[in-house]
Amino acid sequence: MAIEFSERIRRIPVYPAAGGYAKQEELTLLASNESPFPPLPAVREAIERAMGSLNRYPDPSNSRLRTALSERYEVPRERIAIGNGSCDILLAAGEALLEPGAELVHAWPSFSVYPHLTAASGARAVMVPLDEDQRHDLPAMLAEITAATRLVIVCNPNNPTSTALPPAEIAAFIAEVPPHVCVILDEAYCEFNLLDDPDASIELLDSHPNLVLLRTFSKVHGLCGLRVGFALCGSEDFPRAVDQVRQPFFCNALAQAAAVESLAHQDAVIDRVTRTVAERSSMDERLRALGLTPADSHANFCWFSLGEERDEAHVMGVLAEHGVLVRGGSALGSPVPALRVTYGLPEENMRFLDALAVALEPTV
Ligand SMILES: Cc1ncc(COP(=O)(O)O)c(C=O)c1O
């Protein structure tokens with residue numbers, strides 16, 4: 001007889017893994033919105049130094065990292081939550097805020113982890129379709145807020161569609177949300193949005209105690225292998241609540257040391273953003289030359305429909321035969337065949353584009 005798991009386990013969707021990790025060195029990995037750049041030399045040295053103390057538990061208060069973040073973003077230390085990746089904070093928020101009878105409002109398609117929060121808690125998911133430009137439909141989201149709503153998540157720029165909303169629209173939206181409803185603005189990719197100041201949302205924190213800005217070291221800092229994320233919050237309540245539902249040592253010592261060091265190298269981080277944005281422009285042009293219409297990307301990845309008549313699995317299969325892994329839209333909630341492709345190094349992007357040209361050839 002097989003083990004009988006809880007109803008909760010039957011509800012929770014399995015995270016769609018990119019796969020293919022066994023032969024990673026031969027593959028072009030453009031499926032997980034990772035940074036193509038390895039950690040900075042100074043960050044590697046900081047990790048090396050921290051290794052000498054691995055016989056000790058990590059600092060449970062994340063003191064150095066909290067101070068460094070507080071100085072960088074001018075948010076009091078007590079209003080910062082740290083996590084084992086920002087996903088850890090998201091899942092803890094679900095546990096702290098949701099329960100049967102409560103509601104979570106979020107857009108769809110959006111980050112594939114959001115449905116876990118309702119599945120795990122038994123709360124109701126209210127998934128609001130994106131507008132025709134693949135952006136969050138904020139008025140429609142506002143209309144879905146009821147007395148049962150505990151949490152609203154806005155992903156800006158949105159994963160998987162790469163689109164962004166301007167700070168003024170976000171500010172107007174937050175002003176309309178009742179103050180007892182927590183708003184998480186998931187800004188995992190905000191540094192890649194060159195249209196707006198990525199820190200504009202921080203100004204909203206002082207006037208909105210219910211606001212939480214979710215950030216990560218996984219994307220622009222290129223440290224996803226270490227797992228470290230953080231949240232800048234409008235009040236001390238949110239960091240306290242997410243700490244209550246987690247194990248004490250949720251952020252490992254190497255991650256803490258690497259994150260502190262990375263924050264001290266803002267110029268190198270900006271240089272990497274510039275290189276990624278250059279790839280974004282050139283990929284956009286080349287995709288259009290192939291007859292595709294990518295969404296207006298403000299992130300480190302692009303999103304485009306393959307057209308109703310194309311077979312997404314066939315295109316993914318041809319790309320995989322060429323050693324290129326991308327993410328298929330159907331696994332991410334797209335109603336039409338689509339792809340999400342992370343921008344890699346120039347040669348990786350060329351490999352992808354060459355393979356895509358083959359994959360799009362009509363099959364006979
Ligand atoms: C929108 C969004 N939020 C959060 C995360 C989680 O990142 P991490 O847990 O690595 O910080 C991701 C990762 O892909 C993401 O796309």
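These are my notebook entries on a predicted model of one protein chain.

**Overall form**

I began with the secondary structure and counted 12 helices and 12 strands in the chain. I then looked up the radius of gyration, which is 20 Å; a compact globule of 364 residues would have a value near 21 Å, so the chain agrees with that expectation. Along the principal axes, the C-alpha trace spans about 60 × 55 × 50 Å.

For burial, I noted that 52% of the 364 residues are buried, and that the accessible surface comes to about 16,700 Å², with 54% of it belonging to carbon and sulfur atoms. Among contacts with a separation of 6 or more, 73% are between residues 24 or more positions apart. I also checked the charges: the chain has 29 positive and 49 negative ones, and their mean positions are 6 Å apart.

**Helix α5**

Next I asked myself how many of the 8 residues of helix α5 are buried. The count is 7 for this helix, residues 114-121, so α5 is largely enclosed by the rest of the structure. I listed the buried residues as Tyr 114, Pro 115, His 116, Leu 117, Thr 118, Ala 119 and Ser 121. Their cover includes the helices α1 (7-11) and α4 (86-97), together with the strands β3 (103-108), β4 (124-129), β5 (149-155) and β6 (182-186).

**Nonpolar cores**

I turned to the largest nonpolar core, which has 49 residues, and found that Leu 65, Leu 69, Met 141, Val 154, Phe 217 and Leu 232 touch the most other members. Helix α9 (residues 253-263) gives this core its largest share, 7 residues. Apart from this core I found another, of 25 residues, including Ile 89, Leu 98, Leu 151 and Val 242.

I followed up Leu 69 separately: leaving aside residues up to four places away in sequence, Leu 69 touches Glu 74, Ile 80, Ile 82, Phe 217, Phe 230 and Leu 263.

I looked up Ser 86, which is found in helix α4 and, with a relative accessible area of 11%, falls under the 20% cut-off and so counts as buried. Beyond its neighbours up to four places away in sequence, Ser 86 touches Leu 214, Arg 215, Thr 216 and Gly 229.

Thr 276 lies in helix α10 (residues 266-289) and is also buried, at a relative accessible area of 6%. With the same exclusion of residues up to four places away, I found Thr 276 touching Phe 37, Phe 192, Asn 300 and Tyr 343.

**Backbone exceptions**

Most residues other than glycine have a negative phi, and most peptide bonds are trans, so I noted the exceptions.

A cis peptide bond joins Trp 108 to Pro 109, with omega about 0°, and Pro 109 lies in the loop between β3 and α5. The bond from Asn 156 to Pro 157 is cis as well, with omega near -10°; I located Pro 157 in the loop between β5 and α7 (167-176).

For phi, I recorded Asn 62 with a positive value near 50°, in the loop between α2 (41-51) and α3 (63-73). Is Asn 62 buried or exposed? With a relative accessible area of 1%, Asn 62 is buried.

Key
Residues are numbered from 1 along each chain as its sequence is written. This is a predicted model: local features need pLDDT of at least 70, side-chain atom pairs count only at pLDDT 80 or more; totals for chains, interfaces and linings use all residues. Side-chain values use heavy atoms; hydrogens and water are left out. Helices (H or I, at least four residues) and strands (E, at least two) are DSSP runs, numbered from the N terminus. The radius of gyration is taken over C-alpha atoms; the globule rule is 2.2 Å times the number of residues to the power 0.38. Buried means under 20% relative accessible area, exposed over 50%, partly exposed in between (1.4 Å probe, protein chains only). Contact means heavy atoms within 4.5 Å. Accessible areas come from the Shrake-Rupley method with a 1.4 Å probe; for residues, only the protein chains shown count as cover. Lys and Arg count as positive and Asp and Glu as negative; His and the chain ends are not counted. The place of a charge is taken as NZ of Lys, CZ of Arg, CG of Asp or CD of Glu. A nonpolar core is a set of buried Ala, Val, Leu, Ile, Met, Phe, Trp, Tyr and Cys residues joined through side-chain atoms within 4.5 Å.
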